[in-house]
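Hi everyone, thanks for having me.

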Amino acid sequence: MQIKQIMTSPVETVAPDSSLADAARKMLALEIGLLPVRRGRKIVGIVSDRDIIIRGVAKGLDPEQTQVQKVMTTDVLSCPSGSDVMDACDLMKLK
């Protein structure tokens, strides 16, 4: 089975210079808790609702002024949608 057979499509993303509030509003509208962060065609990180709260709001950062890149995780793995699901699982085990 390939990744594309189980993934949500289209993949929604957010830009690194988007505000935390904009990212949170997008998550709310889509009923999701995680967004890949994309610069052009490249995934440069990932931001979760927990990142926004713990790394941002709880530390006193203004969600309207703080950019996603300030709280996102940059050490992420990705694979093409045509990849085998089991290969992706093996990759995650290495992390």
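A nonpolar core here is a set of buried Ala, Val, Leu, Ile, Met, Phe, Trp, Tyr and Cys residues joined through side-chain atoms within 4.5 Å, and buried means under 20% relative accessible area with a 1.4 Å probe, protein chains only. Helices are DSSP runs of H or I, at least four residues, and strands are E runs of at least two, numbered from the N terminus.

A word on the source: this is a predicted model, where local features need pLDDT of at least 70 and side-chain atom pairs count only at pLDDT 80 or more, while totals for chains, interfaces and linings use all residues. Residues are numbered from 1 along each chain as its sequence is written, and side-chain values use heavy atoms, with hydrogens and water left out.

Not counting residues up to four places away in sequence, M72 touches V37, V44, G45, I46, V47 and R55, where contact means heavy atoms within 4.5 Å.

Now look at A88. That residue lies in helix α3, residues 85-94, and is buried, with a relative accessible area of 11%. Leaving aside neighbours within four places in sequence, A88 is in contact with I3 and C79. What separates the C-alpha atoms of A88 and D49? They are 39 residues apart along the chain, and the separation is 24 Å.

Definitions and conventions. Buried means under 20% relative accessible area, exposed over 50%, partly exposed in between (1.4 Å probe, protein chains only).
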